[in-house]
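Trainee: I have this one open for the first time. Can we go through some of its contacts?

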Amino acid sequence: MQFFGGSDISPSPPAPTASGHNAHMMYMFNRNGVCLFYREWNRPLRTLNPQQDHKLMFGLLFSLKSLTAKMDPTSAEKGNLGVPQLPGQGCSFHSFRTNTYKLSFMESPSGIKIILVTHPRTGDLREALKYIYNLYVEYVAKNPVYAPGTPIKCELFNTNLDQYVRSIS
Amino acid sequence: MPAAAPRSGDAIFASVEHVNAELFTLTYGAIVRQLLTDLEEVDEVNKQLDQMGYNIGIRLIDEFLAKANVSRCVDFKETAETIAKVGFKMFLGVTASVTNWDADGTCCSIVLEDNPLVDFVELPDTCQGLYYCNVLSGVIRGALEMVSVHED
């Protein structure tokens, strides 16, 4: 299993018309921690280099999932803390909000994780994340030139994603 | 927000674009024919079909998960049922049935009543032992592996 396989994608330049974009950034990871996709539309502050940023994000999600599952008051069966869970099993968190941003998360049973960081007053983005997953299927999974498990470099996906993100509130 | 109920295979099949069935069958037949000519060994062809199916399966699983809206299956029985009822319906337009469960519940057969891949096909005697639809088992293997179900 290849954890944090050297993904050397630099953040893609923000779209020319940054105004009107409601989201700050988006990440996509696969089940092995490889960052498949990263896009930013509005990120004034960058504290880490891209690799560390991706690793931090993946580690955060892994820990959060594990923690939320173990703290679940309704579930009868709990494994030991730190035991990795199969994607989709048990309870899973879907968003957290701070005073400056909201992070929304979705994981498919095949391990594809989609993270969207938006402004704090955004509503529930679960449907939006599902739609983005559909976009991924249409433009990336069905793309014969794309090798699964590698960073996504697909213009159509980028364009459609930008268009969609502009429309969510 | 309540989770959406899983969509039935029929509904999804109706909503996706269709390819002409004969084109699909004949293209597959041509592929198998060409593999037989190139590789000559029936075992090699079976392996190639399985590998092709595997490569398809690892991408297909995402499309299936995105469109079918099913949550994680609790046990293998449910997995087999989902593949047969929703999966095959969604991609091939035919419903399969699950039979032949063994005592442990670890082994079963999925039977396709009318398999679009084998329309108009007759196997000559020289091809005994060819698993004509091996691509399908490769697809299932690839798809299940992406959701962490390892099987033979």
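Trainee: Which residue forms a salt bridge with A:Lys142?

Mentor: B:Glu63 does, and the closest N and O atoms are 3.2 Å apart. A salt bridge here is a side-chain nitrogen of Lys or Arg within 4 Å of a carboxyl oxygen of Asp or Glu.

Trainee: Where do A:Lys142 and B:Glu63 lie?

Mentor: A:Lys142 is in the loop between α2 and α3 of chain A, and B:Glu63 is in helix α3 (residues 42-68) of chain B, so the pair joins two chains. Helices (H or I, at least four residues) and strands (E, at least two) are DSSP runs, numbered from the N terminus. This is a predicted model, where local features need pLDDT of at least 70 and side-chain atom pairs count only at pLDDT 80 or more, while totals for chains, interfaces and linings use all residues. Residues are numbered from 1 along each chain as its sequence is written, chains are lettered from A and ligands numbered from 1 in the order in which they are written, and side-chain values use heavy atoms, with hydrogens and water left out.

Trainee: Is A:Lys142 buried or partly exposed?

Mentor: A:Lys142 is partly exposed, at 40% relative accessible area, whereas B:Glu63 is buried at 12%. Buried means under 20%, exposed over 50%, and partly exposed in between (1.4 Å probe, protein chains only).

Trainee: What else is linked with A:Lys142 and B:Glu63?

Mentor: A:Glu138 and B:Lys67, in a network of salt bridges.

Trainee: Change of topic. How many aromatic pairs are there?

Mentor: Nine, over all chains. Rings of Phe, Tyr and Trp (its six-membered ring) pair if their centres lie within 6.5 Å; planes under 30 degrees apart count as stacked, over 60 as edge-to-face and the rest as tilted. A:Phe37 and A:Phe157 have ring centres 5.1 Å apart and planes at 70°, so this pair is edge-to-face.

Trainee: Which parts of chain A does that pair tie together?

Mentor: A:Phe37 is in strand β2 (residues 35-40) and A:Phe157 in helix α3 (residues 155-167), so the pair ties together parts that are 120 residues apart in sequence. A:Phe37 is buried at 4%, and A:Phe157 is buried at 0%.

Trainee: What kind of pair do A:Phe93 and A:Phe105 form?

Mentor: A stacked one, 5.0 Å centre to centre with 10° between the planes. A:Phe93 lies in the loop between α1 (50-70) and β3 (95-97) of chain A and A:Phe105 in strand β4 (residues 102-107), so the pair ties together parts that are twelve residues apart in sequence.

Trainee: How many residues of β4(A) are buried?

Mentor: Six of its six. A:Phe105 points one way from the strand along with A:Leu103 and A:Glu107, while A:Lys102, A:Ser104 and A:Met106 point the other way.

Trainee: What does β4(A) pair with?

Mentor: Strand β5 (residues 113-118) of chain A, antiparallel, over six bridges. Two strands pair if DSSP finds at least two bridges between them. Three bridges also join β3(A) to β4(A), again antiparallel.
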